[in-house]
Amino acid sequence: MAGPNSFYGPIDPAADAGWTEAPPRMGFFTDTSVCIGCKACEVACKEWNAVPDDGFDLLGMSYDNTGQLSANTWRHVAFIEQAAPPSEAAMDVLREAEASVSTQFLGMPSSTLPGSSGREDRDLRWLMMSNVCKHCTHAACLDVCPTGSLFRTEYGTVVVQEDICNGCGYCVSACPYGVIDRREDDGRAWKCTLCYDRIGEGMTPACAQACPTQSIQYGELDELRDRADKRVEVLHQRGVPEARLYGHDPADGVGGDGAFFLLLDEPEVYGLPPDPVVTTRDLPAMWKHAGVAALTMAAAAVVAFLGRRP
Amino acid sequence: MSDHAAHVSAETVRGNGQGSGRRRGGGKGDRVMVPPAEFRSYYGRPIVKPPVWTHDVAAYLFTGGLAAGSALVAAGADLTGRPALRATGRVAALAAVGASGYLLVKDLGRPGRFLNMLRVAKPTSPMSMGTWILTAFGAAAGAAAVAEAAPYLPRRGALGLAARALPTAGRVGGLVAAGTAPALATYTAVLLADTAAPSWHEAYPRLPFVFAGSALASGGAAGLIGAPVAEAGPARTLAVAGAALELTATHGVEHRMGLLSEPYRTGKAGRLLRAARLLTAAGAVGALVGARSRAVSALAGVALLAGSAATRFGVFEAGRASAEDPKYTVLPQRERLAARGDA
């Protein structure tokens, strides 16, 4: 049940929300060092969850014509082009991942002609990342929802109940990652459910199921965190010193993400906030300030009318 | 090689440059130092989502404040025997709270489901708290306003009975409304601050005072417009005091928050808040010098109302602007990391 860390700090979110004998917290570990930018996750997510399309836009942002997470995009693959020669070590990691793809696959974006072999002679580095709802330990969207439509599941994830949501839009402004959004023709808020319907049946979420290189890994959060620590060590040993984890730390501003990442550059390069803090951390202080302001108002009214009886 | 410059610019962008550029151009001469707006982002896209709220919500910030201020004026007038000021305050409070309800429901994505707000009471959601405050206030303010109809009812029969009961009901309703009014006027500051919009969140210690001042100024202004000068004395005091609080607290929001003050000084928000300052100051001066003139008082009241509305729209726009430019998300967070030694 609610405790001293309910707003901020390390906590087990399912237990804090009142679940007893909850199953282990489930989550995603998205390892961008092996993301080949195939967008299978985007497609699988849309297919399984029956998410409407969001129009055909050519955004001029590398291979990204989706743009951002939104009410109609619950997995979004970001493509970052950098004018730096890719490190051979990072390329080897990626090629291994690509080679592990069993099905016929067009491969990752390349600057050489199709069919050419050998190392590419280029001075362009590509970063790709499949972004998703973070299922925060301290979820601002859930905290501020005035209808109780957003709720914490027994798996520690955060889900919108679409039959309750009245489209007030508060969650949209509260999310420190800009994930949840209101669907225009529908009026309600939508976001990733971590495939609540699938994981309840012991299945893997659609995006992780579809990912051909295991860039998206689904599992028990504790185990994923261990796996991620080891993965960073391996990458550092292999000569990819830029590998770092994002959202894995239960002591961070949102109490750790249920969906965290291995990145190859600073978070903001991927469109992620470098140091997100759940806005409700400061809510007690906000109410206090509002209380003082309210008392000021009342006092002003009393003083203005006192001793002025006509 | 040369075409790769485009890739660099896609990933490392400057802010819109609007604010800093204007200052460098020798604009307002504000001395706030802004760190070099060099930062990295994903194609310059926002990180947090700009609010989906429309101007209905900005307008509600004003009508909610006006309702609260008017209810305080009405209750004070009721207790000190100022019938015209009381009637003005009660009618203004009901009209404003009615407009508030309409604006809030209209802004929902699913207006037909507005009652879902009432299925929970959630202290972690300022909107939930606000719904309950507004509901309690609305019922009480409604009772108070209806009581003003008592003199127009016949003295006999069932309606005559109502006419005799109404003044008491009106007083109780008016006092309950006045009791909840300060909460109604200030919770909206928490509503905005409890978001990821950088310039709203950062302003949380100051916004309640901006809104409290703005509410008092607009409530006092309603009294100046609706009541004769003989009764309007306390409304005048409240209008001037509220205007002073509004101006002082807004100045803090505009200048004391480093980079996150910038959205309050630039663009649409900057224009609105400059207009608000002029209108509010002019209204306060008019209220002071026009103490003997109903016409000057009413004009001052109009200026104060317009100033209060401009303040609300300005604050609303500043939060939106701070969410739309990733600079306001990235740079303060980078500074925070650097201060912790993590970056």
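In chain B, helices α3 (residues 55-79) and α6 (residues 157-193) pack at about 145 degrees with their axes 8 Å apart. Axes here are lines fitted to C-alpha atoms over the stretch in contact, and angles run from 0 to 180 degrees between N-to-C directions. Keep in mind that this is a predicted model: local features need pLDDT of at least 70, side-chain atom pairs count only at pLDDT 80 or more, and totals for chains, interfaces and linings use all residues. Residues are numbered from 1 along each chain as its sequence is written, while chains are lettered from A and ligands numbered from 1 in the order written.

**The helix pair**
- Helices are DSSP runs (H or I, at least four residues), as strands are (E, at least two), numbered from the N terminus.
- Among the residues that meet are B:Gly64, B:Ala68 and B:Asp78 from α3(B), and B:Arg171, B:Gly174 and B:Pro182 from α6(B); contact means C-beta atoms, placed from the backbone, within 7 Å.
- This contact splits into 14 nonpolar, five polar and two charged residues (Ala, Val, Leu, Ile, Met, Phe, Trp, Tyr, Cys and Pro are nonpolar, Asp, Glu, Lys and Arg charged, the others, Gly among them, polar).

**Where chain B touches chain A**
- Chain B puts 71 residues in contact with 60 of chain A.
- α6(B) gives the largest share of chain B's side, eight residues.
- That side has 39 nonpolar, 19 polar and 13 charged residues.

**Confidence**
- Chain B averages a pLDDT of 90, with 89% of its residues at 70 or more; pLDDT is the predictor's confidence in each residue, from 0 to 100.
- Residues 1-31 of chain B stay under 50.
- The model's scores are ipTM 0.93 and pTM 0.91.

Note on methods: Two residues are in contact if their C-beta atoms, placed from the backbone, lie within 7 Å.
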